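Colleague: Could you take a close look at one part of this model for me, the nonpolar patch on the surface, and then set it in its surroundings? I would like the cut-offs spelled out as you go.

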Amino acid sequence: MSLRTHRGDSVRFAALHAVFEAARVTEDGTAMSTLFVSHIDPHLRVILDAAQGPLHRCTPDRHVPQPGLPATPVPVGWFDTMGRSPAIEDLGFGPDFRLLRSNGSL
């Protein structure tokens with residue numbers, strides 16, 4: 001039997017390990033409790049969900065990969081603004097108040 005992994009689960013376990021190590025070395029006495037309540041419990045709820053979790057179709061003898069999210073190619077010109085700063089108005093944000101700062105108004 002070969003060992004197969006689910007990328008999402010691997011990322012979750014790596015994140016849990018990083019948070020565990022941070023909680024282990026901190027001086028904060030509540031860090032381990034926070035680790036369980038805020039990190040381990042929620043992640044394991046997802047990973048071990050027998051009905052809809054990422055492993056729900058796998059058995060010890062059979063691996064069923066999870067399909068990835070559907071994706072479409074990035075439109076041509078999508079990243080053309082790299083290296084230059086487009087006008088704020090072109091990005092769909094509100095007014096550009098930086099002009100007021102340069103005039104000494106702010």
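Modeller: Happy to! Phe20, Met32, Phe36 and Val37 form a nonpolar patch on the surface, and together they have about 350 Å² of accessible area. Such areas come from the Shrake-Rupley method with a 1.4 Å probe, and for residues only the protein chains shown count as cover. A patch takes residues with over 30% relative accessible area and no salt bridge; nonpolar side chains (Val, Leu, Ile, Met, Phe, Trp, Tyr) are joined within 5 Å, and like charges within 9 Å. H2 gives the largest share of the patch, three residues, while Phe20 is found in helix H1. Phe20 is partly exposed, at a relative accessible area of 31%; here buried means under 20%, exposed over 50%, and partly exposed in between (1.4 Å probe, protein chains only).

Before going further, a word on the source: this is a predicted model, in which local features need pLDDT of at least 70 and side-chain atom pairs count only at pLDDT 80 or more, while totals for chains, interfaces and linings use all residues. Residues are numbered from 1 along each chain as its sequence is written, and side-chain values use heavy atoms, with hydrogens and water left out.

Now the core. The largest nonpolar core has five residues: Leu16, Ala23, Ala31, Leu35 and Ile40. Helix H1 (7-25) and helix H2 (31-47) are the elements that give two or more residues to this core, and H2 supplies the largest share, three residues. A core of this kind is a set of buried Ala, Val, Leu, Ile, Met, Phe, Trp, Tyr and Cys residues joined through side-chain atoms within 4.5 Å. In soluble globular proteins, nonpolar side chains tend to be buried together. Leaving aside residues up to four places away in sequence, Leu16 touches His39, Ile40 and His43, a contact being heavy atoms within 4.5 Å. His17 is found in helix H1 and is partly exposed, with a relative accessible area of 49%.

Glu21 forms a salt bridge with Arg24, their closest N and O atoms being 2.7 Å apart; the term asks for a side-chain nitrogen of Lys or Arg within 4 Å of a carboxyl oxygen of Asp or Glu. Both residues lie in helix H1, three residues apart, about one turn of the helix. Glu21 is partly exposed at 28% relative accessible area, and Arg24 is partly exposed at 49%. The structure holds one salt bridge.

As for the whole chain, there are four helices and zero strands, where helices (H or I, at least four residues) and strands (E, at least two) are DSSP runs numbered from the N terminus. Of its 106 residues, 11% count as buried. The chain exposes about 9000 Å², with carbon and sulfur atoms supplying 61% of it.

Finally, confidence: pLDDT, the predictor's confidence in each residue from 0 to 100, averages 80 over the chain, and 72% of the residues score at least 70. Confidence is highest in H2, at 94, and lowest in helix H3 (residues 88-91), at a mean of 64. Where pLDDT is low, the predicted coordinates should not be read in detail.
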